[in-house]
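Colleague: Before I rely on the labels attached to this model, I would like to hear how each of them was reached.

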Amino acid sequence: MTRQGNDQSEKELLNRYAPWVFDQQKAEKLLKEYGAGKRDFRRADLKGVILEDTNLSDIDLSGADLTNAELENVNLSRAKLIETLFVNAKLTDANLRGANLSRANLRGAVLQRTNLGLTMLKATLLPDGRLSP
């Protein structure tokens, strides 16, 4: 393989995986700061993050962008998720019990085995595009 062909392959790999690495760096930073006691992550850019087996109870992600995020077995109980974007996000086995999702956007999101007990859905855009009362 020529040097030029090798450079092209490297560029293709970077274009494919660099966004994922960057997204995971954002996730790792969030987890580190949360573990240190921080709870205010309003307007955080968390597009495309993947979080698994994580406790984020009582976190404030109001106005945050979790578009295309994947949350599996994540505890968001009592979280403030006001005006949070979950567009095309995937939430599997997530706990949103007691969370406030007022004016959040869940359009296109997939919720599988997600606990929404006592969750506030006020003017929330649901996955099917309907607006909650």
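Modeller: What follows takes the labels one by one and sets each value against its cut-off.

Colleague: What kind of model is this, and which elements does the chain hold?

Modeller: The model is a predicted one, and its chain holds 1 helix and 4 strands, which run α-β-β-β-β from the N terminus on. Of the 133 residues in the chain, 38% are buried. Among the contacts with a separation of 6 or more, 5% join residues 24 or more positions apart.

Colleague: Why is Asp23 called buried?

Modeller: Asp23 has a relative accessibility of 15%, and buried means under 20%, so Asp23 falls on the buried side of the cut-off. Asp23 belongs to helix H1, which spans residues 3-35, and, with residues up to four places away in sequence not counted, Asp23 touches Lys47, Gly48 and Val49.

Colleague: What makes Leu56 buried, and where in the chain is Leu56 placed?

Modeller: The relative accessibility of Leu56 is 2%, and because the cut-off for buried is under 20%, Leu56 counts as buried. Leu56 is placed in the loop between strand S1 (50-55) and strand S2 (70-75). Not counting residues up to four places away in sequence, Leu56 touches Leu30, Leu31, Tyr34, Leu51, Val74, Asn75 and Leu76. With Tyr34, which is 22 residues apart from Leu56 in sequence, the C-alpha to C-alpha distance is 7.5 Å.

Colleague: How do you know that there is a cavity, and which residues line the largest cavity?

Modeller: Rolling a probe the size of a water molecule over the atoms shows where empty space is left. In this structure there is 1 cavity of 30 Å³ or more, and the volume of the largest cavity is about 40 Å³, which puts that volume over the 30 Å³ cut-off. Its lining consists of Leu30, Leu46, Leu51, Leu56, Leu61, Leu66, Leu71, Leu76 and Phe86. Leu and Phe both count as nonpolar, and the lining is accordingly classed as 9 nonpolar, no polar and no charged residues.

Colleague: What makes up the lining of the largest pocket, by class?

Modeller: The largest pocket has a volume of about 160 Å³, and its lining divides into 4 nonpolar, no polar and 8 charged residues. Among the lining residues are Lys26, Lys29, Glu33, Asp40 and Arg42, as well as Leu30, Phe41, Ala44 and Leu46; Asp, Glu, Lys and Arg count as charged, whereas Ala, Leu and Phe count as nonpolar.

Colleague: Why does Thr114 count as buried, and which backbone oxygen does its side chain reach?

Modeller: Thr114 has a relative accessible area of 16%, and since buried means under 20%, Thr114 is buried. Thr114 lies in the segment after strand S4 (110-112), and its side chain reaches the backbone oxygen of Leu91 at 3.1 Å, a distance within the 3.5 Å cut-off for a polar contact. Leaving aside neighbours within four places in sequence, Thr114 is in contact with Leu91, Thr92, Asp93, Ala94 and Leu96.

Colleague: Why is Met120 given the label partly exposed?

Modeller: Met120 has a relative accessibility of 42%, and because buried means under 20% and exposed over 50%, Met120 counts as partly exposed. Met120 is found in the segment after S4 and, residues up to four places away in sequence not being counted, touches Ala99, Asn100, Leu101 and Ser102. The C-alpha atoms of Met120 and Arg97 are separated by 9.1 Å.

Key:
Residues are numbered from 1 along each chain as its sequence is written. This is a predicted model: local features need pLDDT of at least 70, side-chain atom pairs count only at pLDDT 80 or more; totals for chains, interfaces and linings use all residues. Side-chain values use heavy atoms; hydrogens and water are left out. Helices (H or I, at least four residues) and strands (E, at least two) are DSSP runs, numbered from the N terminus. Buried means under 20% relative accessible area, exposed over 50%, partly exposed in between (1.4 Å probe, protein chains only). Contact means heavy atoms within 4.5 Å. On a 1 Å grid over the protein atoms alone, a cavity is a set of points where a 1.4 Å probe fits but cannot get out, and a pocket is an open set with protein on both sides within 12 Å along at least five of seven lines; lining residues have an atom within 4 Å of a point. Grid points are joined across faces, edges and corners, and a volume is the space filled by probe spheres set on the points. A polar contact is a pair of N or O atoms within 3.5 Å; within protein, one must be able to donate a hydrogen and the other to accept it, and residues adjacent in sequence count only if both atoms are side-chain atoms.
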